[in-house]
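Let's take a friendly walk through this protein, from its sheet to its charged pairs. Have the sequence and the 3D view open as you read.

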Amino acid sequence: MSKINAAITAVHGYVPPYVLTNKELESLVDTNDEWITTRTGIKERRILKDPEKATSDLAVPAVQGLLEKRGIGAEEIELIIFATATPDMAFPATANILADKVGAINAWGYDLQAACSGFLYALATGAQYIESGKHKKVLIVGGDKMSSIVDYTDRTTCILFGDGCGAVLLEPNEEGNGVIDSVLKSNGAGRHYLYQKSGGSLNPASHETVAAREHFIYQEGKAVFKFAVTNMADAAAEVMERNSLAGDDIAWLVPHQANKRIIDATANRMGIGEDKIMINIDRYGNTTNGTIPLCLWNWEDKLKKGDSLILAAFGGGFTWGSIYLKWAY
């Protein structure tokens, strides 16, 4: 009997229409286009302006587009894993809200929180349900309304983040394509360098926490950069070494879009050129859980069946990892 792999059989994404440019940010904080572009690679990002819409509303068009592409109904989805750092609310799970909004009446689901590595964690987790034979159609969604937790008076963080969502469908594959291997890691000592201080059980929301602006992202940029630039590259190199892969064997690196310099360092460690890197940070900024599936969506027409891809990410926590997969269509 052939080994069953979990293969991506459809991908789609969505970004909101409002474009927040570096030029506009110059009017909000003390920064400029050249400084942002040189240090991050970001030129603009998309923002969900409607105050009555949340992360699940970014996911709806992404999932609907995916279902239409695959030619299936929402009722065929068995499981939804939603990777997000900005759930609609603490509970119920955004996965359940999404299921209701798209009509996935037969799906159970849950949210997965691993900051910017969440989509990788969710993809590796969803793959287990397919490989075990438990499910045939698993929806992995990665999306965030980062603008809801960004302080637009903090020039160190507001330049980085945007809103967006991507989704992939996992189905069984016996041709050797799909998720082949993964390296997933975390280190809770990193929690002091990138976090949202209040809103959880440690510091519940209060007049004081709101006044102190503690419900926004806090980041110690130098410490995060130093850890990320080493560990994201190490994870990508490790999954390649475990599978006897050289740079020439890789069709595409699909990196988390946090900083162009971190992406370049990962590519250099893997021994691949810029022509093999999926990059959309210039247009979208860091959409957290949305970055990797949005890249797959943007580059879908360039992917060929059997292409070897390395997905790599790093996030607050710290969390990081990589996945080796072979494209199935």
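A residue is called buried here when its relative accessible area is under 20%, exposed when that area is over 50%, and partly exposed in between. Cys-158, at 0% relative accessibility, therefore counts as buried. We will come back to this cysteine below.

**Confidence**

What you see is a predicted model. Its mean pLDDT is 96, and 100% of the residues reach 70 or more. Among the elements, strand E4 (residues 79-83) has the highest mean pLDDT, 99, while strand E9 (residues 194-196) has the lowest, 92.

**The sheet and its helices**

Five strands make up an open sheet with mixed pairing, in the order E1-E7-E6-E4-E5. The edges are taken by E1 (5-14) and E5 (108-112); each has a single partner strand, so one side of each lacks a neighbour in the sheet. From one strand to the next, the twist averages 20°.

Within the sheet, strand E6 (residues 138-145) pairs with strand E7 (residues 163-173) in the antiparallel sense, over eight bridges. If you want a spot to look at in this pairing, find Ile-140, which stands opposite Val-168 in E7.

Helix H3 (residues 55-70) lies across E1, E4, E6 and E7, and runs at about 120° to E1. Helix H5 (residues 118-131) lies across E1, E4, E5, E6 and E7, and its direction is at about 165° to E6.

**A covered helix**

Helix H10 (residues 291-298) is mostly covered, with six of its eight residues buried. The buried residues are Thr-291, Ile-292, Pro-293, Leu-294, Cys-295 and Leu-296.

**Cysteines without disulfides**

How many disulfides does the model hold? The count is zero. A disulfide would need two cysteine sulfur atoms within 2.5 Å. For Cys-158, the closest cysteine sulfur belongs to Cys-116 and is 16 Å away, which is too far for a bond. Cys-165 is likewise too far from a partner, because its closest cysteine sulfur, in Cys-295, is 14 Å away. Like Cys-158, Cys-165 is buried, with a relative accessible area of 0%.

**Salt bridges**

The structure holds 17 salt bridges. Here are three of them, with the N to O separation of each pair:

| Asp-234 | Arg-269 | 2.2 Å |

The salt bridge between Asp-234 and Arg-269 links distant parts of the chain: Asp-234 sits in helix H7 (residues 221-242) and Arg-269 in helix H8 (residues 260-270), 35 residues apart. Asp-234 is partly exposed at 29% relative accessibility, and Arg-269 is partly exposed at 44%.

The other two pairs each lie within a helix. Why are Arg-242 and Glu-238 separated by about one helical turn? They are four residues apart in helix H7, so the spacing comes to about one turn. An α-helix has 3.6 residues a turn, so residues three or four places apart point the same way. Arg-242 is partly exposed at 45% relative accessibility, as is Glu-238 at 25%. Both also belong to a network of salt bridges that includes Asp-181 and Lys-185.

Asp-264 and Lys-260 show this spacing too, four residues apart in helix H8, about one turn. Asp-264 is partly exposed, with a relative accessible area of 26%, whereas Lys-260, at 19%, counts as buried.

Definitions and conventions: Residues are numbered from 1 along each chain as its sequence is written. This is a predicted model: local features need pLDDT of at least 70, side-chain atom pairs count only at pLDDT 80 or more; totals for chains, interfaces and linings use all residues. Side-chain values use heavy atoms; hydrogens and water are left out. pLDDT is the predictor's confidence in each residue, from 0 to 100. Buried means under 20% relative accessible area, exposed over 50%, partly exposed in between (1.4 Å probe, protein chains only). A salt bridge is a side-chain nitrogen of Lys or Arg within 4 Å of a carboxyl oxygen of Asp or Glu. Two strands pair if DSSP finds at least two bridges between them. Axes are lines fitted to C-alpha atoms, for helices over the stretch in contact, and angles run from 0 to 180 degrees between N-to-C directions. Contact means heavy atoms within 4.5 Å.
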